[in-house]
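Please look over the sequence and the fold below before reading on.

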Amino acid sequence: MSNILIVYYSWSGNTRKIAEIIQKETGGDVIEVIPENPYPSSYNATLEQAKKEIKMNYKPPIKTKVEDIEKYNIIFVGTPNWWSTIAPPIATFLSQHNLSGKNVIPFITHGGGGQGRIINDIKKLCPESKILEPFSTYEGGSKDLREKILEWLKKLQIKK
C-alpha cells in the first residue's frame, strides 16, 4: 500500500507529464483533478475564465474525491501557474480534503511566471500541513526533465 498520493490538474498536459514521472519514480497513487465543467479548449478563453474565477476566489465543482486521504502521508500537488496562483480546481481539491499533518509537495508548470504566489496560497489552504520544497518547470520541461525530477526527489529523500 502506497503512502504517497500524486494529485494534479492539467489543462494542456504539461502538469500531467510531471505527475506521471513522479508516479513512476515513487510508486505513488496518482489522481487527476477533473472539474465538473471542463475549461474551454481555447487557451485565451481558459485564461479569461481562470482570471475571473481567481479574482472571485471561486472554487469550481470537481468530480475528484479521495475518500481515504488519511492513508497518505506524502501528497504531491501539481498545478499550472494561472495568474500567479494555483489553478481553481486544485484550490477546490485542497479546500475539500483535510491535509493536516501531511507532507505536501507542490509541483508547478508555468509559462514564465515561475512559482508566483502558489506556495503561499497552498499554505493558506493547508495551514496544518508541512509544505516541502516545490518543483517548477517552464511549460512541459526540458529534455532533461526526468533527471531534474529525479534530482529533486533525491533531495526530498523520496524515491522508490
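The paragraphs that follow describe the chain and then helix 2.

This is a predicted model, in which local features need pLDDT of at least 70 and side-chain atom pairs count only at pLDDT 80 or more, whereas totals for chains, interfaces and linings use all residues. Residues are numbered from 1 along each chain as its sequence is written, and side-chain values use heavy atoms, with hydrogens and water left out.

The chain holds five helices and six strands, taken as DSSP runs (helices H or I, at least four residues; strands E, at least two) and numbered from the N terminus. Along the sequence they follow the pattern β-α-β-α-β-α-β-α-β-β-α. The radius of gyration, taken over C-alpha atoms, is 15 Å, close to the 15 Å from the globule rule (2.2 Å times the number of residues to the power 0.38), so the chain is as compact as a globular protein of 160 residues. Of these 160 residues, 49% are buried, meaning under 20% relative accessible area, while exposed means over 50% (1.4 Å probe, protein chains only).

In helix 2, Thr46, Ala50, Glu53 and Ile54 are buried. These four cover an arc of only 95° around the axis, which puts them on the same side of helix 2; the arc is that of the directions from the helix axis to the C-beta atoms. What covers them includes helix 3 (88-96), whereas the face turned away from the buried side carries the exposed residues Asn44, Lys52 and Lys55. Just after helix 2, Asn57 takes a positive phi of about 55°.

Methods:
Contact means heavy atoms within 4.5 Å.
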